[in-house]
Amino acid sequence: IAIQEIDASIAAFITSLEVPFAAVVSYLFLKEKLRKLQIFGLFISLLGVYFIVESPEIAPSQLWRIILLLIVAFSYALSAVLVKGIKKTSSFSITVWSATLAAPQLAIFSILFEKDHMSLIKKIDLNSTMIIFLLTLLSMLAFYFWNLLIKKYRVNQIMPFILLVPVSSLISSYFLLGETTHIIAIFGGLLTIFGVWLQSRK
């Protein structure tokens, strides 16, 4: 819903805030240390989001989509902390149950916010089915390994790897989707990444 009218690169920059959000949540619930540099990094990241919101690419009518992306980032950070707190359940079980419970929720949102379901279903052929199957399988494998790492290491050690997402999104959205991002939004995104990098330093 949030990325329907917002570039994928901007969405990736904003959702990278899940790294400092995870630091705050893990401090509150897991008693992991929160240093002054992490707090300063969070401030810099939020300043970067401000520049993104103020860029010409973000119309006032799209502000609610930015808020949705911030909610997504916080929710993802919270889920990492919850996975860390689950001691007696395997990473495989967590991944399977997460996918199973997510399916009906996504179906409800699809019915509410998307249209022409039947026409899209009729267009599905063998190639589309294979692509959907591979993407689903790869996503579940990725989440399985992610949950495995979250349970094994500190949340603050694992979350900084999310910083790889905005860079790859910026490159892929340019070459695959033909998206171009305004210089102010890029500056805000880089400022956000810098703040997150500060937060992740030892």
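# A walk along helix α4 and beyond

Start by selecting α4 and α7, which pack at an angle of about 65 degrees with their axes 8 Å apart. The axes here are lines fitted to C-alpha atoms, for helices over the stretch in contact, and angles run from 0 to 180 degrees between N-to-C directions. Helices themselves are DSSP runs (H or I, at least four residues), numbered from the N terminus. Before going further, know that this is a predicted model: local features need pLDDT of at least 70, side-chain atom pairs count only at pLDDT 80 or more, and totals for chains, interfaces and linings use all residues. Residues are numbered from 1 along each chain as its sequence is written, and side-chain values use heavy atoms, with hydrogens and water left out.

Back to the pair: α4 and α7 cross in a right-handed way (the near helix is turned clockwise from the far one by less than a right angle). Now show the side chains in contact, meaning heavy atoms within 4.5 Å. On α4, pick Y76, A80, V83 and K84; on α7, pick F143, W146, N147, I150, K151 and K152. That set splits into six nonpolar, one polar and three charged residues. In this scheme Ala, Val, Leu, Ile, Met, Phe, Trp, Tyr, Cys and Pro are nonpolar, Asp, Glu, Lys and Arg are charged, and the others, Gly among them, are polar.

A11, I14 and T15 of α1 meet I66, L69, L70, V72 and A73 of α4. By class, that contact has seven nonpolar, one polar and no charged residues.

Still on α4, click R65. Is R65 buried or exposed? At 7% relative accessibility, R65 counts as buried (under 20% is buried, over 50% exposed, partly exposed in between, with a 1.4 Å probe and protein chains only). Leaving aside neighbours within four places in sequence, R65 touches I1, A2, Q4, E5 and I6.

Last stop: select F92, Y144 and F145, which form one aromatic cluster. Rings of Phe, Tyr and Trp (its six-membered ring) pair if their centres lie within 6.5 Å; planes under 30 degrees apart are stacked, over 60 edge-to-face and the rest tilted. F92 counts as exposed at 54% relative accessibility, while Y144, at 26%, counts as partly exposed.

Definitions and conventions: Helix = DSSP H or I, 4+ residues; strand = E, 2+ residues; numbered from the N terminus.
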